[in-house]
Amino acid sequence: MTVADRAPVPPSVRRWAIIALALGGFGIGTTEFVAMGLLPNIAGTLGISEPTAGHVISAYALGVVVGAPLIAALTARVPRRTLLIGLMVAFTVGNLVTVLAPSYGLLMAARFVAGLPHGAYFGVAALVAAHLAGPRDRAKAVGKVMLGLSVANVAGVPMATWLGESLGWRSAFALVVVIGLATIVALMRSLPPLADMRVTNPMTELGALARPQVWFTLLIGVVGFGGMFAYYTYLNSALTTVAGVPVSLVPVAMMLFGLGMVSGNIVGGILADRSVPFGILAGLIATSVSLALFALTLQNAWAAMILSYAIGLSGASTIPALQTRLMDVADDAQTLAAALNHSALNIANAAGAWLGGLVIAAGHGYRAPSMMGAGLAVAGIAVLGLALFTGRRRGPRPQSMVGGVATVLDR
């Protein structure tokens with residue numbers, strides 16, 4: 001079935017479907033980050049040290065990295081609507097077990113299970129949103145789905161953290177369970193049948209791993225985003241020890257960062273619909289500049305707060321373009337490629353925090369993670385240039401009608 005043959009999706013159906021998909025992203029974003037602010041509570045309840053409690057964050061990230069390719073490949077034949085609902089059911093169950101976990105071991109297992117659907121959900125949700133929006137507005141639709149993840153940093157995480165501090169950390173994850181249940185209902189009511197979306201098979205999806213352009217795009221995410229996560233991991237200490245910002249105002253900086261991410265998803269979708277490579281390039285250049293300015297002006301509290309918004313905006317603006325490029329270069333293995341984007345971003349998260357810790361431990365202070373992040377964004381630009389160069393050397397490839405959307409695979 002071609003784009004011309006496919007009946008247009010009514011705007012109201014498309015709008016509510018994308019809202020439902022974004023609601024799932026809101027729940028996923030909330031559960032991913034809320035544990036960071038509740039580690040002392042978790043440690044105290046389970047009788048473990050705070051560093052040991054921090055392993056529940058690693059368990060979730062490991063679930064994302066493992067689950068994205070595994071689920072995307074194994075569920076290749078499952079209709080997209082059924083798959084999205086099933087992934088949200090698994091996510092909700094994982095968080096329900098988190099609420100009920102009586103021991104550290106079971107809590108670790110629950111966080112791993114809750115992380116498994118993360119990448120596959122976002123990958124399939126991006127494909128569905130692009131399919132519903134059509135070729136002209138697909139990146140904007142992808143950006144709107146990713147908006148749920150950004151809004152979680154502004155509203156979901158603070159709300160869940162406050163609930164966890166007031167009623168115990170389990171109540172924070174109980175809120176996520178409620179969001180998960182609401183998403184399941186919303187998906188069942190708003191998603192059309194999607195019968196015209198193409199399904200594949202495990203071997204076809206695994207074929208994405210043989211495509212150099214897929215690996216180049218994933219590497220752009222790992223390298224280019226590592227610096228933003230290095231900045232975010234040590235933002236509290238940078239603001240309080242260098243900029244002299246009171247501890248009470250650190251949440252304001254984090255909220256500004258989250259608002260920047262919300263704006264970035266919208267701006268990034270618009271840029272990517274005009275040109276995917278330009279959307280990536282513009283985002284990485286802006287990320288490098290804003291991180292460098294943050295490091296250089298950190299002693300000025302006002303500048304640091306404003307640049308927190310700029311860093312969130314520039315970093316998030318790259319995500320719709322990266323997600324769309326993965327869908328383009330994967331040919332008929334789009335589900336696995338789109339899901340792998342979130343594995344790459346979680347690797348960037350872990351690597352950025354680790355590298356930021358290394359430069360601080362080496363005695364370079366709390367400016368260093370942001371300056372290093374600026375360099376990583378420049379390295380991401382170099383990877384993008386190499387990807388475009390090698391793609392052009394192979395020559396233009398024919399257009400492919402994947403998921404009802406015509407794409408030029410090597411643009």
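**Core and pocket**

User: In this predicted model, which residues is Y121 in contact with, leaving aside its neighbours within four places in sequence?

Analyst: Y121 is one of the residues that touch the most other members of the largest nonpolar core, together with L21, V128 and F294. With neighbours within four places in sequence left aside, the residues in contact with Y121 are A20, L21, G24, G25, I28, L84, L87, M88, T183 and L187.

User: Does S317 count as buried or exposed?

Analyst: S317 is found in helix α14 (residues 301-329), and, not counting residues up to four places away in sequence, S317 touches G264, G268, G279 and G283. Buried means under 20% relative accessible area. Because the relative accessibility of S317 is 5%, this residue counts as buried.

User: Which element gives the most to the lining of the largest pocket?

Analyst: The largest pocket has about 1,100 Å³ of space, and of the 29 residues that line it, F33, M36, G37, Y232 and M254 are the closest to its centre. Elements that give two or more residues to this lining include α10 (212-233), α12 (250-274) and α1 (11-37). The element that gives the most, with five residues, is α1.

User: How many charged residues does the lining of the largest pocket have?

Analyst: By class, the lining of the largest pocket has 18 nonpolar and 10 polar residues, and the number of charged residues is one.

Terms used:
Residues numbered from 1 in each chain as written. Predicted model: local features only at pLDDT ≥ 70, side-chain atom pairs only at ≥ 80, totals over all residues. Heavy atoms only, no water. 1 Å grid on protein atoms, 1.4 Å probe; cavity = no way out; pocket = protein on both sides within 12 Å on 5 of 7 lines; lining within 4 Å. Points joined across faces, edges and corners; volume = space filled by probe spheres on them. Helix = DSSP H or I, 4+ residues; strand = E, 2+ residues; numbered from the N terminus. Nonpolar A, V, L, I, M, F, W, Y, C, P; charged D, E, K, R; others polar. Buried < 20%, exposed > 50% of the residue type's maximum accessible area, 1.4 Å probe, protein only. Contact = heavy atoms within 4.5 Å. Core = buried A, V, L, I, M, F, W, Y, C linked by side-chain atoms within 4.5 Å.
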